[in-house]
Structures are given as C-alpha cells and as structure tokens.
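Student: I have a new structure to look at, and I'd like to learn how to read it. Could you walk me through it?

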Amino acid sequence: MRNKINIQMSRQSLILLSVALAFLALVESGVLRREQHEYEKWTNVLGNGDAPPPPKYKMLRYAKKVINEPENRKMSCFFCTFAVDGVQALIAQNSTDDEVAAFLVNLCDLFDVEQPHVCKNIIYAFKDEVVFVLERSVFTPDEICGAFITNCGHSDKPLTHMWNISIPGGKPPIRPWPKIPDNKPTFKVLHLSDIHIDHQYVVGTEAYCQLDSALGTYAMCCRDYSQDSMGRPTNMKDKPIYVPAGPWGMPYLCDLPYQTFESAMKHISKTFKDLDYIIITGDFEAHDSWDYTEDLTRENMNNMTNVFLEYFPNVPVYVSIGNHEGVPQDAMAPHTMPEYDERGPQWLYKIMSDMWAHWIPQEALDTVQYRASYVVRPKPGLKLISLNTIYCSEFNFYLYVNEVDPDATLEWLIEELVDSEKKGELVHIISHIPPGDNYCLKGWSWNFFEIVKRFENTIAQMFYGHTHYDQFMVYYDMDDPNRRPFHFNWISPSLTTYDFLNPAYRIYEIDGGYEGATYTVKSAQTYFANVTEANLKNKEPEWVLEYDTKEHWQLPDFSPQSWSDLSDKLWTNTTMFKEYVKLFYRNHYNNECWTDYKCRYTFVCDIKKGRSYDESFCDHLKR
C-alpha cells in the first residue's frame, strides 16, 4: 500500500467506508427516524418490536430502504455528500491511508457505533479491499451516494447491475413433479447450516449488549468487553449486567458456545445411526468479522473437520462454502481480478480442499481449488453439485471490479447440468446464499433463475442456508399466464442462536438408491433445542423434534405447487401465518408481525421471490 495517496487517486479510496459508517451512525441511530414509535415499527419489519435490534447486515440493508423514502431522501443525500466531501478533504491534504482510517475509527467511536476494539479492527479489516476495489471501479466519489440513494447524483446501482449468460436451448418437454412410489428404498440426510461457533463466548457476560450502545448497534454480545485488546479496563468493566449469558447459548446477538455444538453432535450421532451423508451449507466462523485472520480460519476448519470425523467416522460430509469463511468476510475474488495471486482466495480454497478431501474424490478437488465448487455422485443416478454462491454476495467487494459470472461458475454449472440431462441423471444443488435473497447480486441471481428454469426436469432439489431462518422459496414462471410454480429451495435453520433464535437442524428422508428413483425429499423433520430452558435448568439442552414438515402443514407432497399453495395460505390465514413466524425463529419473537401489513408482506414476499431485487412475484399481495 502506498504511504501517500495523491489527490486524483483519493477520488476512489476510503469513501465507501465513510458512507457505511455514516449510515450506521445516523440512519440506524434514529436521526432519520423522527419518532421513537417509528423505530419500533421498523424493527417489527425485521425482527421483533419487543426484542433487541436486528443484526447489522440487516440493519444496513434496511437503512438502504429508509434513506430512499421520499421524506428522508434529501437529508440522506445531504449527509452522504457531506461525509464524502469530508473524507476527500482529508485525502486532498495528502493524508495517509492510516490517517484517513484513523479518522473513520474516531468517527465510529464518537458515535458509539461499536465497541472501540470493533471500531478499530473493522475499518482496518476491510480498508485494503475497499480501497483496491474503488481504485479500479467505475465509480467516482460523486457517484458513490447515487449508487445507494435515489436521486442523489447519478450512478448505476452496483447491487442491481445486469448481465446475461448464454443458456443452451433445446429444453425437453416439462415433466410433472414426480410422485414418490410406495415401498421403495429411501436414504437419510442431515442438513446443518450456519454453525458459527464462538470460542470467545463467556458465561455471565451481557447478552443484551445493545443496551450499552447509545445507538443500539453493537453487533455481537455474550463476550467480555471489560478489557480492550491491550488488557486495559474499558468503560464496561463495572457496568451492571442486564441479561447474563447462560452456559448453553442465548437467543440474542450471540453465537453458539462450543459445548452446545458438541451437544448437538453427540445427540445426532446417537439418535441417527443410519445417516447416508451430511450436507453443510456454509458458515463455521463466529460473526466477529473484524478479527478474522487466515491462521484462525485454518485452525477452526481443521478443528471442525476433526469433530465430524470423530462423531461421524463413516459418514460422508458434503460442504458448500459460506461467506463467513472469507478473510475479510465475503472476500473471494475471481481469477479475472488484477493482483489475483496476492489477493485471491487460493489459501482459503486450499483449506477447503484439504478439509473436503476426507469425503470427496480427487477429481473433484481441482474445481474446489479453482472456484470452491465441486461435483460428487453419492448415489447411482444422482449428481450432487456444491455451488459457491459467495460469487453473488453483495459484500464480496471484489465483484464490483467485474460482476460477470465470476470464475465462469454459472457456465460450469450449465455444463454439469447439460451433462446430467444427457445421461438422465438427477441433480441436487447445495449452496449457501439463496439466490432469491437480496444479499445476492441481481445479475447473478437472475441468470441462476433462468438456469433453474431451463433445467427444471434435471434439478431434483436445492438446499441452502445463510439466512439462519426456517423458510422456503418458490420459483414462478412469469412467462406462464398462471405463473406456474416450477421449483423451490429448502432453506435450513441455523445451528447458531444468532440472532434471537434457538439452534436447529433438519433430517431429510429422500427417495432414491434404485433405478427410476425421483431423488426428491419424502419427509423432512426439524429438530431444535430450547437454550433458555437449558440455562434455567442448568442442564444440557434437550434436542427434540420441533415439527414434521408434511404433517404440520398438511401438504400432499413437496411439489412447487404445494409450497406455492402454502405461501398463499400464509397470506390469507392468520393462524397459519403466526405459526410460520414462530417456526421461522424457533421461538415467539416477532409474534405481532401479523398485525402489520408491511411485516406480513415481507415474510410472504420473501417466499415468492425466487430471484433477488424482484417483487413482481408479490404484486398480488394486497391489503
């Protein structure tokens, strides 16, 4: 990194960080919310009005919505341009990178956006990546605000940039969703997602640490903040504890204690001795992205591998990479990026290759090392594709240099699907980020949607994580006058409690292992543990069946049509909607959502939105 930044280069440097901090400090703090009851209203949309504020990445995404409200837009634009001008002025004085970063750290501390340790480390963790990207992006400082705020300068929005990939024609006639025959073999699969173990979890510390921040924006609780990284006392040393962290985890902004993870592994290994394989849809690391290092990630991945080898020694484990495996978080540059050898994720893909080598064949490891995706065939006639969707993450800033099909991953996916279509194979896709979530960049998501539509006969099932919630998503054919539902995503609840959740996992019974098998899910059962109850009893959590999907929702099958019908009932049937929200969180948070049109709309529209940044699927959801 250069010691000095000249004025011309400063016009593409640390500005995005200043804007992000500005949004956190002002939008989230209530400057743009005129009354306290407005704060309660918007927390109802994202979480529970009676609960602490939702996690930062959701707050940031909601902030984007708030700042574009007509009544807020003028103020938002003023502050954004003010912040950008301020940083530019510093750099115009030939300030060093570190001097500008120090200014941002002080700003973070001044507004009490985060703990001092977090303020410092989050800036320095992302500084080099953001500077590198902005120096090579198409944005000028005058366009930064326009990228995030409507009518505030002129800019194409990077989150919704569109591009197209070539998809082969010759789609076979659409087959009806297959019916599972009776008395045929099935096999059992465990789905784990978003484990997020926190090795710095401390029993007795504050679980409701948002109360310690004037803005309520502290991102991670259940940790000891009484000393800084140098061992010096902080202003938290003698503060009262409002909600003490229990030994088995807390349904607040806290990740999972290791002993609760181990409890789950012991329970699953003893209860389900007939597992054919395990799928893990990403995210092993805690949410302290400001402290991520390559060495720490390597150590944690090695430890996780050893745990699965210990508890499931003869069970294959198929993993898809998560955004929290990146260092910095989400940072996975494609090969087309300049300075790939210095900045690329080869080190991470090598860790994943070493980890996954215990369970996948050697020929699959080459694509792991290149794009962190791979193919295995766990059963005759079934291909399992692990797909790296961090290549669509809105926080993978390296993508803003060139968003078009990073590492030709979608092109590779198409080749694999064409191959399976010719061979008559069926395909399961496991991945981290559901493409319908707005965390996924629009261009990537829309292309993936068209790929699923083209190969709907070949793709039997898709399994995701990332959201931490127990939910599903339906794909609709908008070219069909009846909006035919043609596919759907299974989205697993998280094992972590972050945020305001109880830990959970899912067991699938899948039709397959014989000639002509459908390889679709026959039954799905979700298990969870009430950590609040375990803490009160001071006993190990009880992992119990929460619900059987088909029985609970009285579904005739797991066809896209059945899932679509269920989503319609959730919109019209208040009792069913309340139950869906309870299962969504695995507790009673946000149990008043049904009274608020916007809150209910968000839940149901998220189900119907098979591609990001497109609510046209929801235009029939009227008051």
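Predicted model: local features only at pLDDT ≥ 70, side-chain atom pairs only at ≥ 80, totals over all residues.

Student: Which residues does UniProt list for "binding site"?

Tutor: UniProt positions are given in the numbering used here, with shortened feature names, and annotations may be inferred rather than shown by experiment. In this case, an unreviewed UniProt entry lists Asp 283, Asn 323, His 432 and His 466 under "binding site". They are spread over 184 residues of sequence, yet they cluster in space, with a largest C-alpha distance of 8.4 Å.

Student: Where does Asn 323 lie, and is Asn 323 buried or exposed?

Tutor: Helices (H or I, at least four residues) and strands (E, at least two) are DSSP runs, numbered from the N terminus. Asn 323 sits in the loop between β3 (317-319) and α11 (340-343). As for burial, buried means under 20% relative accessible area, exposed over 50%, and partly exposed in between (1.4 Å probe, protein chains only). Asn 323 has a relative accessible area of 1%, so Asn 323 is buried.

Student: What does Asn 323 touch?

Tutor: A contact means heavy atoms within 4.5 Å. Not counting residues up to four places away in sequence, Asn 323 touches Asp 283, Gln 329, Asp 330, Ile 390, His 432, Tyr 439 and His 466. One of these, His 432, lies in the loop between β6 (426-431) and α15 (442-454). His 432 counts as buried because its relative accessibility is 0%.

Student: How many residues does the largest nonpolar core have?

Tutor: A nonpolar core is a set of buried Ala, Val, Leu, Ile, Met, Phe, Trp, Tyr and Cys residues joined through side-chain atoms within 4.5 Å. The largest one here has 164 residues, and those with the most contacts inside it are Phe 261, Met 265, Phe 308, Leu 413, Ile 429 and Phe 448. Take Ile 429: leaving aside neighbours within four places in sequence, its contacts include Leu 413, Phe 448, Ile 459 and Phe 463. There's also a second, separate core of seven residues, with Leu 104, Cys 108, Val 113 and Ile 123 among them.

Student: How many disulfides does the structure hold?

Tutor: A disulfide is a pair of cysteine sulfur atoms within 2.5 Å, and the structure holds five. One of them pairs Cys 222 with Cys 254, with the sulfur atoms 2.1 Å apart. The torsion about their S-S bond is about 70 degrees, so this disulfide is right-handed. Cys 222 and Cys 254 are 32 residues apart, both in the loop between β1 (186-192) and α9 (258-271).

Student: Why is the disulfide of Cys 593 and Cys 599 left-handed?

Tutor: The torsion about the S-S bond of Cys 593 and Cys 599 is about -115 degrees, so that disulfide is left-handed. Their sulfur atoms are 2.0 Å apart.

Student: Which cysteine is joined to Cys 605?

Tutor: Cys 605 is joined to Cys 618, with 2.0 Å from S to S. Cys 605 lies in helix α20 (residues 597-608) and Cys 618 in the segment after α20, so the pair ties together parts that are 13 residues apart in sequence. Both Cys 605 and Cys 618 are buried.

Notes. Residues numbered from 1 in each chain as written. Heavy atoms only, no water.
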